[in-house]
Amino acid sequence: MTLRVAGLQHHGAPGDVDANLAIITEAAHHAVEQGARLLVTPEMFVTGYNIGARLAPLAVAELVDRVARIAVEADIAIIAGLPEPHPDGGITNSLVAIDRDGTELLRYRKAHLFGDLDRNLFVPGDTLPPTFVLDDVTLSVLICYDVEFPEAVRAAALAGADAVIVPTAQMVPYAHIAERLIPVRAWENQLYIVYVNRVGAEEDLTYVGRSSIVSPEGVSLAALGPTETGLMIATIDPEAVERARRKNPYLADRRTDLY
């Protein structure tokens, strides 16, 4: 089996949940028309990311149900970035994976918080995500800064992931992460990376776009530029992962006795 994935690069409507869910709904239908089985949004797309004090009132459990309704109505699985109220207080920077029948497949809280921006808004997650299976393809997820830690991606590879899905809100001056680090992460772990970023600006942040879907050999299969909005679509093929790991056996050749 293969899995056709669509990534939505968009500026969104900071602080306007209804508008952002409408954008996701439209994107979901366009993705289905192009044969996609999974739609991925940027980090915190449902509410907006860098919106300061406006965020807390928007972080409600019902956001997940609203995303699930879109998945069912459009008949597509969705991975959406959104805030969650933490049971012990505060807000987490989270994502939820919902299948097209409304079943929740995974919920993950960003573990690596980026600087004062994240730490002033969120409490960190304390676990890396498990893998989950969609159409016989094994997926894992990370959020933005998480992917910049090689250990996090390597953990997903060792857990058997064919692809790591990464909603992000990557900003100036870090375009080099999207351009150079993401292909390296895919290459060194022989898996797909689906890196889905924002464009435009929120407050003092300007987002760099440059979303991409990168193959297990570090080749860009689909990409969008620094200001484009729309969908990028590519197919995740587990057999390509197996071929890449035979050709470049980093995982098999690790010297775990040395490190």
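**View 1. Helix H4 and its packing partners.** The buried residues of H4 pack against strand E7 (137–141), strand E8 (163–167), helix H5 (175–189), strand E9 (192–196), helix H6 (238–247) and helix H7 (250–253). Packing here means contact, that is, heavy atoms within 4.5 Å, and buried means under 20% relative accessible area, with exposed over 50% and partly exposed in between (1.4 Å probe, protein chains only). Helices (H or I, at least four residues) and strands (E, at least two) are DSSP runs, numbered from the N terminus. This is a predicted model, in which local features need pLDDT of at least 70 and side-chain atom pairs count only at pLDDT 80 or more, while totals for chains, interfaces and linings use all residues. Residues are numbered from 1 along each chain as its sequence is written, and side-chain values use heavy atoms, with hydrogens and water left out. In H4 itself (residues 150–158), Ala152, Val153, Ala156 and Ala157 are the buried residues. Their directions fall within an arc of 140° seen down the axis of H4, so they line one face of the helix; the arc is taken from the directions from the helix axis to the C-beta atoms. After H4 comes Gly160, with a positive phi near 95°.

**View 2. The six-stranded open sheet.** Its strands follow the order E6-E7-E8-E9-E12-E13, with mixed pairing. Two strands pair if DSSP finds at least two bridges between them. Strand E6 (132–134) and strand E13 (220–223) are the edge strands, each pairing on one side only. On average, neighbouring strands of this sheet are turned by 25° against each other, direction ignored. E7 and E8 run parallel and are joined by three bridges; look for Ser140 opposite Val164 in E8.

**View 3. Helix H5 and the loops at its two ends.** H5 lies across E9 and strand E12 (212–214), running at about 155° to E9. Axes are lines fitted to C-alpha atoms, for helices over the stretch in contact, and angles run from 0 to 180 degrees between N-to-C directions. In the loop between E8 and H5 sits Pro173, joined to Val172 by a cis peptide bond with omega of about 10°. The loop between H5 and E9 holds Gln190, a residue other than glycine with a positive phi, near 50°. Gln190 has a relative accessible area of 0%, so it is buried.

**View 4. Asp99 and its surroundings.** Asp99 is found in the loop between strand E4 (91–98) and strand E5 (104–109). With 14% relative accessibility, Asp99 counts as buried. Its side chain makes a polar contact of 3.0 Å with that of Arg37; such a contact is a pair of N or O atoms within 3.5 Å, where within protein one must be able to donate a hydrogen and the other to accept it, and residues adjacent in sequence count only if both atoms are side-chain atoms. Leaving aside neighbours within four places in sequence, Asp99 is in contact with Arg37, Ala71, Ile76, Ala77, Leu105 and Leu134.

**View 5. Two nonpolar cores.** A nonpolar core is a set of buried Ala, Val, Leu, Ile, Met, Phe, Trp, Tyr and Cys residues joined through side-chain atoms within 4.5 Å. The largest has 49 residues, among which Leu38, Ile79 and Ile236 touch the most other members. Not counting residues up to four places away in sequence, Ile236 touches Thr2, Leu3, Val5, Val137, Asp162, Ala163, Tyr192, Val194 and Ile213. A second, separate core of 27 residues includes Leu39, Val67, Ala71 and Val96.
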